[in-house]
Amino acid sequence: MQTSLRYDSDSRALRIHAKEKIPVDSNIHCQVHGELDTNVGAPSSLALIFRNFYPEFSASVGAGIWYDQDKKIKYSLRGKKAFQISSNGFVSLNVKGRLDVDDKLKEKKTIGAAELSWSVLDFKSDQDVRFKVGYEVFEKMPYLQLRENNWTFNADMNGRWKVRFDM
């Protein structure tokens, strides 16, 4: 099971996140994850997502259901495609999208982004780093991500930010 601590500028509360990937087939897994909001002492989300990976195309497609802190059931459909820019695979252009709908199947949120990702192995001894710069199409918002081993920092041009520590 993968666990992480998360904190962001929107909720201003520490959340404990847990995720388990259960293999269904060689390129399909069921992902179960939940999050506990330490401010209210209750789960802020629970989710079940099936993801299908297409390694020959550097792509994935997923569909799932989740229950959030608003006590509402929502559905999600997502996809991601990576285009390798460097021959070693450390620089890529990623295109991704997600459609979230409520229980009445009305659109709630659409996300689409293109991002440039650069991974640097052994940036320093025992330290791997990943830099991402992206643009969210529907919000018309540039963003960035810095990841160092277990730490991830995300920020956008609206001043929103997130910090995650993977345990």
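Student: In this structure, how many aromatic pairs are there?
Tutor: The model is a predicted one, and the pairs counted here are rings whose centres lie within 6.5 Å. One of them joins Tyr-7 and Trp-161, with 5.9 Å from centre to centre and 35° between the planes, an arrangement described as tilted. Counted over the structure, the aromatic pairs come to three.

Student: How many residues apart in sequence are the parts that the pair of Tyr-7 and Trp-161 ties together?
Tutor: Tyr-7 is partly exposed at a relative accessible area of 31%, and Trp-161 is likewise partly exposed, at 24%. Because Tyr-7 belongs to strand 1 (residues 2-8) and Trp-161 to strand 12, the parts that this pair ties together have a sequence separation of 154 residues.

Student: Are the rings of Trp-151 and Phe-165 stacked, edge-to-face or tilted?
Tutor: Planes under 30 degrees apart would count as stacked and planes over 60 as edge-to-face, with the rest called tilted. The ring centres of Trp-151 and Phe-165 are 4.7 Å apart and their planes stand at 50°, so the pair is tilted. This pair links distant parts of the chain, 14 residues apart, with Trp-151 in strand 11 (residues 151-156) and Phe-165 in strand 12. Trp-151 is partly exposed at 46% and Phe-165 is partly exposed at 25%, and the description of the ring pair remains tilted.

Student: In what order do the strands close into a barrel?
Tutor: The barrel is made by 12 strands with antiparallel pairing, and neighbouring strands of this sheet are turned against each other by 20° on average, direction ignored. As one example of the pairing, 10 bridges join strand 2 (residues 15-25) to strand 3 (residues 28-37), and Ile-16 has Leu-36 of strand 3 opposite. The order of the strands is 1-2-3-4-5-6-7-8-9-10-11-12.

Student: Which residue in the turn between strand 7 and strand 8 has a positive phi?
Tutor: Strand 7 and strand 8 (residues 107-124) run antiparallel and are joined by 11 bridges; within this pairing, Ser-92 has Ser-117 of strand 8 as its bridge partner. The two strands form a hairpin with four residues between them, and the residue of the turn with a positive phi, about 60°, is Leu-105.

Student: Which residue takes a positive phi in the hairpin of strand 8 and strand 9?
Tutor: Strand 8 is joined to strand 9 (residues 127-136) by nine bridges, and the two run antiparallel. In this pairing, Glu-115 has Gly-134 of strand 9 as its bridge partner. Two residues lie between the strands of this hairpin, and the one with a positive phi near 60° is Asp-126.

Student: Is Asn-94 buried or exposed?
Tutor: Asn-94 lies in strand 7 (residues 91-102), where its side chain makes a polar contact of 3.3 Å with that of Ser-92. Beyond its neighbours within four places in sequence, Asn-94 is in contact with residues including Lys-80, Ala-113, Glu-115 and Lys-132. Since a relative accessible area under 20% counts as buried, the 4% of Asn-94 makes this residue buried.

Student: Which residue meets Lys-96 in a salt bridge?
Tutor: The structure holds 11 salt bridges, and in the one that involves Lys-96 the N to O distance is 3.3 Å. The partners lie in strand 7 and strand 8, so the pair ties together parts that are 19 residues apart in sequence.

Student: Is Val-101 buried or exposed?
Tutor: Val-101 is placed in strand 7, and its contacts beyond four places in sequence include Lys-74, Tyr-75 and Glu-107. Because under 20% relative accessible area means buried, a residue at 13%, such as Val-101, is buried.

Key:
Residues numbered from 1 in each chain as written. Predicted model: local features only at pLDDT ≥ 70, side-chain atom pairs only at ≥ 80, totals over all residues. Heavy atoms only, no water. Buried < 20%, exposed > 50% of the residue type's maximum accessible area, 1.4 Å probe, protein only. Polar contact = N/O pair within 3.5 Å; in protein donor to acceptor, adjacent residues only side chain to side chain. Contact = heavy atoms within 4.5 Å. Pairing = 2+ DSSP bridges. Salt bridge = Lys/Arg side-chain N within 4 Å of Asp/Glu carboxyl O. Axes fitted to C-alpha atoms, helices over the stretch in contact; angles between N-to-C directions. Phe/Tyr/Trp six-rings, centres within 6.5 Å; stacked < 30°, edge-to-face > 60°.
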